[in-house]
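Good morning, and thank you for making time for this presentation. Please have the sequence and the coordinates open while I speak.

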Amino acid sequence: MFRSRFLSTCIREWKRKPTRMGFEPTRAEHNGLAVHRLNHSATSSCAPLKMVDSQYYLPNDIGISALDCGEAFRLLSPQEKMYAHYLSRAAWYGGLAVLLQTSPESANIFVLLQKIFRKQTPAQLEQVATAAGLSSEEYQAFLVYAAGLYANMGNYKSFGDTKFIPNLPKDKLKALVTASQAFQEQPTEMEALWDSCSCLLYSLEDRQKQLGLGDKGITTYFSGNCCLEDAEMAQKFLDSKKLSAYNTRLFKRDNGGKACYEVRLASAVQKDCAVDGESESCCGSFSFEDKEFTVKRGDYGPLMEKVCDNLRQAQAYGANENQKKMLEEYRRSFTFGSVEAHKEGSRFWIKDKGPIVESYIGFIESYRDPFGSRGEFEGFVAVVNKAMSERFTKLVGSAEVLLPELPWPEEFEKDTFLKPDFTSLDVLTFGGSGIPAGINIPNYDDIRQSEGFKNVSLGNVLAVAYATQKEKLTFLEEEDKDSFIKWKGPSFEVQVGLHELLGHGSGKLFVQDDKGKFNFDQSKVINPETGEPVSSWYRGSETWDSKFSTIASSYEECRAECVGLYLCFKKEVLSIFGHEGQDAEDVVYVNWLSMVRAGLLGLEFYTPESKSWRQAHMQARFVILRVLLEAEEGLVGLEEVTGQDGKPDARITLDRSKIHTVGKNAIHRFLCKLQVFKATADVEGGRALYDGYSTVTSSGAHNFLRLRETVLLRKEARKMFVQANTKVNGDSVELVEYEGSAAGLIRSFTERFQDDAEQLEADLLELSKRDAPCWC
């Protein structure tokens, strides 16, 4: 294979530079785990690491659950199983692009692990580990790290964007790698692979602790020399060319003192010719505001080729023309890097009502782009749960009655509510960095506003992700814990339904198109916050993401969460989900209690050093907590206490009797503001509002910086999921399931790519090598 000379050189040069601030552990113990000192081997060129806070480890007892889809899969017809199989293969191959979207070292670590576990199963490797001097705890820590790398598709947490490193000394890990059968058979290749990633694998220099742009963190959506101003300039250029940023990355170089930018499109082909539907190619060289831009194809090329090949095979098993046309457009999108083709595929997807096998694939969510415009690859394949879907269908039927209840004038609501599909799905495959509980897609504003969308709730994910043990339930009064455990699942189901359908599915954007036509009456629409006519709107190719950029994702999640809180009081909503009388009141109470507790837990995802948030949903929930605390009148109580273990703790309380009055009024006012700023493209007003509530300080009624330390002290690691594989055997498709453990998760990945493992690993290493000079 190769030894990454470029990457090694970059690492050495970067190491010589002083970091922004030294790493100081916040405490000597975290979550009951001792802080370790990690020693590098004597031959390492990297500087020794200091004491390391264990928030950067995955604990050995982390929850790992198998995602059960066996019964749902068995009920599929042979044709549906084939369709699901090839869609799953496309999702898994495309999901590998996330390695290259996460960090410079992720792909190399993935390949290192794959080579080791392809030769020896976790059980077989355990004997090697013991002989190499690892304790059973250290070997388990290695398995947990490997499982985490696979589950997150990189070495940064998909939920929170913090780096995680192996919870064992580096010299012990190197001893295990060296003793492995893979290393013994190919020592030169494996040594080079270890050298290419081992320093960054363990590095916790200040900038590398989290994802971010410039000096705030690591990103591979932008070259290492890019900053916020470069991202803003690139967005202006893309808007001028009517190009979406969703499937792009940005690379900057200096040419004689002049900034030159390369916009790279994800595509299987390298050629820059025009594609079907283009009058001229979007690729080429362009001058823009005294800067040079080049638009090129070919990012993640070999992976996109695999995606397209499997989508082609899935087409043959499509149940109808909408599915076949959808996949044809997706293939065109991933072949040529065309977002327009993906939008066309999404239109066919919306028209495919009530499929037995549901799927979506592409560069979808922009949470992890520090600028908030570029999509991370994901693909899912799932089977409809008919019983649960009936509830969501009833909710859709009630939408036109519920929408007028929202706290903004009717002019700020969409002209027509386009009834979407809303189904509960059992996930068969979710390729990407993590699995959500619910999804509202597509994310294209123009399609959502005028053509529609779909909602899905991932039932088998909900079934295991939010199960809670009483002894691990933090920050609540004892009398609240039993109710919380009993009603958390049912209340979250209601919240997901409202959040996805009427949160993300509501609200109008005021737009003036390229021809000067408005989608609202300028002379009549009044801004309820000012009492004056609306004075701002979206123009031309501007979108919600491009205008609100860095706050767009979290702001929209906050708006959707507020809609869920605001509408969960409605008896017709609660009745749809089977809740009446006192049970219904308990569901509402636990839904609100869960939200304010989540706001406190959200502090885990705030970085004080850079004053930045690393997770959109958790920032949103903290903002809601701040809004409800501000409402006062004893609605929410938050105090710092000492726990039974003698360590800092906190208690959060909610006055059940004031939710319907004080609480609802507070959300009414705040939600109206959120929608008005969004609808009118008022970035300045929206940012001032949202940034204000997002601020985390030690002053005021609550010391949130100190509370953050308490949250970190008592946090529970997020669960990981083990997913099944599908395998064609003659004319049938088999489902291969694995145990819910780190070893089971590892086996699922090594067997997932065993047919073309060597070529796939070579492709990943070559893609990583090509980009290595860009991160310096």
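This is a predicted model: local features need pLDDT of at least 70, side-chain atom pairs count only at pLDDT 80 or more; totals for chains, interfaces and linings use all residues.

The largest nonpolar core holds 116 residues, and the members that touch the most others are F110, F142, L303 and F334. The greatest contribution to this core comes from helix α7, residues 136-152, which supplies nine residues. A separate, second core has 92 residues, F392, F510, L635 and L674 among them. As general background, nonpolar side chains in soluble globular proteins tend to be buried together.

What does F334 contact, once neighbours within four places in sequence are left aside? Its partners include A266, S267 and A268, then M304, V307, C308 and L311, and also H342, I361, G362, F363 and F377.

F110 brings us to a helix pair, as it is one of the α5 residues in contact with α26. In general, two packed helices are described by the angle between their axes and the distance between the axes. The axes of α5, residues 106-119, and α26, residues 742-752, come within 10 Å and cross at roughly 95°. Angles of 65 to 115 degrees count as roughly perpendicular, so α5 is roughly perpendicular to α26. On the α5 side, the contact is made by F110, Q114, F117 and R118, and on the α26 side by I746, F749 and T750. Sorted by class, this contact has four nonpolar, two polar and one charged residues.

I turn now to individual side chains, starting with a glutamate. E556 is located in helix α19, which spans residues 544-567. Is E556 buried or exposed? Its relative accessibility is 9%, and buried means under 20%, so E556 counts as buried. Its side chain makes a polar contact with the side chain of K678, at 2.9 Å. Not counting residues up to four places away in sequence, E556 touches K678 together with G503, H504 and W544.

N527 is found in a loop, between β15 and β16. With a relative accessible area of 11%, N527 is buried as well. A polar atom of its side chain lies 2.8 Å from the backbone nitrogen of E529. Beyond four places in sequence, N527 touches F412, E532, P533, V534 and V676.

R253, in strand β6, residues 248-255, is exposed, with a relative accessible area of 51%. Leaving aside neighbours within four places in sequence, its contacts are N225, K258, A259 and C260.

Finally, the backbone. Which residues does the cis peptide bond join? It joins I441 and P442, with omega about 5°. P442 is in the loop between β13 and α16.

Two residues other than glycine have a positive phi. For D161, phi is near 65°, and for E633 it is near 55°. D161 is in the loop between α7 and α8, whereas E633 is in the loop between α22 and β19. D161 counts as buried, at 7% relative accessibility, while E633 counts as exposed, at 53%.

That concludes the presentation, and I welcome discussion.

Key: Residues are numbered from 1 along each chain as its sequence is written. Side-chain values use heavy atoms; hydrogens and water are left out. A nonpolar core is a set of buried Ala, Val, Leu, Ile, Met, Phe, Trp, Tyr and Cys residues joined through side-chain atoms within 4.5 Å. Buried means under 20% relative accessible area, exposed over 50%, partly exposed in between (1.4 Å probe, protein chains only). Helices (H or I, at least four residues) and strands (E, at least two) are DSSP runs, numbered from the N terminus. Contact means heavy atoms within 4.5 Å. Axes are lines fitted to C-alpha atoms, for helices over the stretch in contact, and angles run from 0 to 180 degrees between N-to-C directions. Angles under 35 degrees count as roughly parallel, over 145 as roughly antiparallel, 65 to 115 as roughly perpendicular and the rest as oblique. Ala, Val, Leu, Ile, Met, Phe, Trp, Tyr, Cys and Pro count as nonpolar, Asp, Glu, Lys and Arg as charged, and the others, Gly among them, as polar. A polar contact is a pair of N or O atoms within 3.5 Å; within protein, one must be able to donate a hydrogen and the other to accept it, and residues adjacent in sequence count only if both atoms are side-chain atoms.
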